[in-house]
Amino acid sequence: MIYPIVKYGDPVLEKPSAPITKFDDELRKLIEDMFESMYAAHGVGLAAPQIGIAKRIAVVDVTFKDDPRAKLVLINPEIVNKEGRQRGTEGCLSIPEFREEVTRPQRVTVRAQDINGKFYEHTGEDLLARAFVHETDHLNGKLYISHISALKRDLIKRKIKKLVKAGEWT
Ligand code: NI
């Protein structure tokens, strides 16, 4: 099932999500749906609050279907190490049509649980490092625009307000 992507302005995107405690078939189905929804939206990462579900789950595939081993499920993720800096353009499926330069760590280690509840650690660089911090932020109710200047953030918010008024932000 493909879920519609929740857009900026919905309070679910700005509150912390709840930890997962049950690793059952329902969770399996949700994760399958999250991958399907992410691919349908042409994204390389998706967090559950972005489909309106305030649970600590994110899916990532920075290769966009190219490499099945790149499909990562992050349940209850925590960032345990960050190194270096990278500067690059970042966007978010919940804030479509906008992109901004965001400084992020170059190398990030995430500790998370997999679909069976087993803990693992994964270290990523470049885009994968960016995805790990971006998606983990989502589960803490934080959006990438909190990492840009107040000036740029206000400009985006003003533009979105106009889109909302025009009925073009639903
Ligand atoms: Ni996002």
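The lining of the largest pocket receives at least two residues from each of β4 and α2, and α2 gives the most, with six residues. A pocket is here an open set of points on a 1 Å grid over the protein atoms alone, where a 1.4 Å probe fits, with protein on both sides within 12 Å along at least five of seven lines, and lining residues have an atom within 4 Å of a point. Helices (H or I, at least four residues) and strands (E, at least two) are DSSP runs, numbered from the N terminus. The structure is a predicted model, in which local features need pLDDT of at least 70 and side-chain atom pairs count only at pLDDT 80 or more, while totals for chains, interfaces and linings use all residues. Residues are numbered from 1 along each chain as its sequence is written, and side-chain values use heavy atoms, with hydrogens and water left out.

About 380 Å³ of space lies in this pocket, the volume being the space filled by probe spheres set on the grid points. Of its 19 lining residues, Val44, Gly91, Cys92, Leu93 and Arg99 are the closest to the centre.

Cys92 also belongs to the nickel site, where Cys92 (SG), His134 (NE2) and His138 (NE2) coordinate the ion at 2.0 to 2.3 Å; donors are N, O and S atoms within 2.8 Å of the metal (3.2 Å for Na, K and Ca). Distant parts of the chain are linked by the pair Cys92, in the loop between β4 (86-90) and β5 (100-104), and His138, in helix α2 (residues 126-139), which stand 46 residues apart. Both Cys92 and His138 are buried, that is, under 20% relative accessible area with a 1.4 Å probe and protein chains only.

Methods
Buried < 20%, exposed > 50% of the residue type's maximum accessible area, 1.4 Å probe, protein only.
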